[in-house]
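Have the model open while you read.

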Amino acid sequence: MRPEQWFSRLDKILDMIERGGNALPHPFILFMLLSGVILVLSFILGQAGVSVTALKAAKDTGETMERVYTAQNMLTKEYILDLIINFPQTFISFGPLKTAMVVIISIAVAERSRLLSAFVRRVLLKASPVWMMAIIAFIAVNGNLLADVAVVVLPPLSGAIFAAMGYNPWLGITLSYIGATAANSATIVITSNDINLAAATQQITANLGIDAPTNALINWYFILVSTFLITITMVVVSKTVMKNKLPLIDPNANLTGGGSTLINDSQLTPQELRGLRAAGIFSVVYFAAISFMTIPSNGILRNEAGGILPGPPFLSGLVMIIALYFVFAGIFYGKFSGSMKSMQELPEMMAKGINDVSSFIIIVLSASLMIRVFSDSHIGDLIGAAGGRMLQELNIGPVPALLGLILITMFANLFVISGLTKWLSFVPVFLPLFSSIGLSPAVIQMCYRIGGAVTNSICPMNAMLGAIIGYYTLWKPKGYGKVGLGTIMVLALPYTIAIGIVLIIQFLIWMMFNLPLGPGAYIYL
């Protein structure tokens, strides 16, 4: 079969998936229905007494203890009343809502002051399309430096940049979304995720008396290489498998969503250059101030232990640090370029940003309810524990066992997306199991990280889905029908499969040549 025929057949399959997914009710209604299904399922599982006994590590001490995982019956009078009474708080406290609103308002100022348009023309316009895709993908892959903020910040920013250049904004949104979710196991530097996972691994390893490295660097070599492999994979998939679904130049693309303005003339006017210089000077001063509050050992953005990561105040304040930057950079550009006549325009720009994501707010109404009910039911914990027990009871060799760990984690990740929470359930089971056949904590943790990242982008329980649907809706192509879960699944699935295959191949190569996973951290004990 010729490549053209293969791609044509694949497009038909993707079209079927998209039609099937989008034939589902509107996301608002779908999440409400799922909430009802989860309530009924929790009742059935609770009444049937379904349970799984497995080991779990305490989050603070790492102490291993046996725990019985059961589904919590949510279909009770007390719980339903609590759900109704506290729904406003459930909605308002929904993490993605708070983050997305602040970020969208700030980016709206940068867009409508025309700062982004001028910046793109000055810096990015001469870059080739392939390099643009690679740059966006690489930044998104390293997005876990910003924790969950990246999933909210990067997609709308990438959509605006692609639209400003006359490219398909959906391609920019997709690259950022995939990079910040399915590639969550890769980065060029150590992040809070490495620190948190290593802390749990270290505690269990110490309890078992295993003499092996368990620091935050034990996976660094592997994830460093993964960063570049995943970036290349995303570009290749965009240029081949997704060239029809996400063409770089789409005649039906909406290039004005979110206030974006198509760049017809790359020549900057003297006023625009003056605005960019003002915004540039502000940027230098702003980030110098942030560095002054972060780098010194007594900086106010350091935590109580004197570090930057993990935890507050740096990570907790990161959303506002980013938001304030876009707002003030937009103001400086607008005032010095003349695109803002007065500060009276600022609240109007912010209000238009709110209008842009109104559909996202409606989706969050039901999504926040569904996420809470599913979390309270503990059904996801039950599924993860069952998968762990199944693998534990299989008597197979090291490579099949580790591949099984990757696949089970991928599956469990469709129900419980929290990386650290799952690891605290998995590490007491798999670390002693695999160490008994000579495998190091580093390789066990790395396999878990691969499986725990790849399926993030297609997880129905991903709290960020509402925001991503909102971004796709904001730049919806002309003539396109309803944007729903089918849209996200069909755009994310090819990237998810490709990244999963590439990371598994990379893992097999590491196993074949017994390469170090990090400084002093090898596959075997």
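Thr487 has a relative accessible area of 0%, so Thr487 is buried (buried means under 20% relative accessible area, exposed over 50%, partly exposed in between, with a 1.4 Å probe and protein chains only). Thr487 sits in helix 21, residues 485–513. Its side chain makes a polar contact of 3.0 Å with the side chain of Tyr480; a polar contact is a pair of N or O atoms within 3.5 Å, where within protein one must be able to donate a hydrogen and the other to accept it, and residues adjacent in sequence count only if both atoms are side-chain atoms.

A word on the ground rules: this is a predicted model, where local features need pLDDT of at least 70, side-chain atom pairs count only at pLDDT 80 or more, and totals for chains, interfaces and linings use all residues. Residues are numbered from 1 along each chain as its sequence is written, and side-chain values use heavy atoms, with hydrogens and water left out.

Now for the helix pairs. Two packed helices are described by the angle between their axes and the distance between the axes. Helices here are DSSP runs of H or I with at least four residues, strands are runs of E with at least two, and both are numbered from the N terminus. Axes are lines fitted to C-alpha atoms, for helices over the stretch in contact, with angles from 0 to 180 degrees between N-to-C directions.

| Helix pair | Axes come within | Crossing angle |
|---|---|---|
| Helix 7 (residues 129–141) and helix 9 (residues 169–181) | 7 Å | roughly 30° |
| Helix 20 (residues 465–474) and helix 21 | 10 Å | roughly 90° |

Helix 20 and helix 21 are therefore roughly perpendicular, while helix 7 and helix 9 are roughly parallel (under 35 degrees is roughly parallel, over 145 roughly antiparallel, 65 to 115 roughly perpendicular and the rest oblique).

Which residues of helix 20 meet helix 21? They are Leu465, Ile468, Ile469 and Tyr472, and they meet Leu485, Ile488 and Leu491, with contact meaning heavy atoms within 4.5 Å.

On to the loop between helix 15 (358–377) and helix 16 (379–393), where you'll find His378. His378 counts as partly exposed, at 29% relative accessibility. Leaving aside residues up to four places away in sequence, His378 touches Thr70 and Gln72. His378 and Ser42 are 336 residues apart in sequence, yet 8.5 Å apart in space, C-alpha to C-alpha.

Zooming out, the chain has 21 helices and two strands, and 53% of its 525 residues count as buried.
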